[in-house]
Amino acid sequence: MNNKTIEDYHFYGAENAVFKDSYGLTPIDYYDLLNDIWCEYTCAPRMREKWNKDNKTVGQCSITAFLMQDLFGGDVYGIDIGGGSYHCFNVVNGIKFDLTSEQFNKKLDYDNAVIQDRNIHFKKHEKKERYEYLKEKLLSRITNMK
């Protein structure tokens, strides 16, 4: 989709995120597409003061992970980051990837994660709305690529 190499991507699992979905796109392709969509609105409200154009993945984890689950299947897992919060990432056919890992200044422990339930996450109306917005924008970009 672009002229970047795998070394240009710094999200967790990028080196293994080369499998394709039904659109023929990889998680790396989606990272590039989402990089132009993630915004302050799609950021979790409690984290918006930390969001900026140099750190677009802040507060985007759960909506992004569930969107990737829609596209690739697999499961969404969460890493306990304290205060009752979980950082979400994807596992597809045993391959772990986290499109929003760059928001952290530390290495996360992806081995001690617990499965996440979208029904629980989307009980928060604002989160469901942010997810729907992100999904609509992403699918529009995919449609316009063809």
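A cavity, on a 1 Å grid over the protein atoms alone, is a set of points where a 1.4 Å probe fits but cannot get out, and its lining residues have an atom within 4 Å of a point. Grid points are joined across faces, edges and corners, and a volume is the space filled by probe spheres set on the points.

This is a predicted model, where local features need pLDDT of at least 70 and side-chain atom pairs count only at pLDDT 80 or more, while totals for chains, interfaces and linings use all residues. Residues are numbered from 1 along each chain as its sequence is written, and side-chain values use heavy atoms, with hydrogens and water left out.

**Exercise 1.** Find the volume of the largest cavity and the residues that line it.

*Solution.* 
- Step 1: searching the whole structure turns up one cavity of 30 Å³ or more.
- Step 2: the largest cavity comes out at about 30 Å³.
- Step 3: its lining includes Cys61, Thr64, Met68, Phe89 and Asp98.
- Step 4: helix H2 (61-72) gives the most to this lining, with four residues. (Helices are DSSP runs of H or I, at least four residues, and strands are runs of E, at least two, numbered from the N terminus.)
- Step 5: sort the lining by class and you get six nonpolar, three polar and one charged. Here Ala, Val, Leu, Ile, Met, Phe, Trp, Tyr, Cys and Pro count as nonpolar, Asp, Glu, Lys and Arg as charged, and the others, Gly among them, as polar.

**Exercise 2.** Decide whether Arg130 is buried or exposed, and list what it touches.

*Solution.* 
- Step 1: look in helix H4 (residues 125-145), where Arg130 sits.
- Step 2: Arg130 has a relative accessible area of 3%, so it is buried (under 20%; exposed is over 50%, partly exposed in between, with a 1.4 Å probe and protein chains only).
- Step 3: skipping neighbours within four places in sequence, Arg130 is in contact (heavy atoms within 4.5 Å) with Tyr41, Thr42, Cys43, Ala44, Pro45, Arg48, Gly59 and Ile63.

Note on methods. 1 Å grid on protein atoms, 1.4 Å probe; cavity = no way out; pocket = protein on both sides within 12 Å on 5 of 7 lines; lining within 4 Å.
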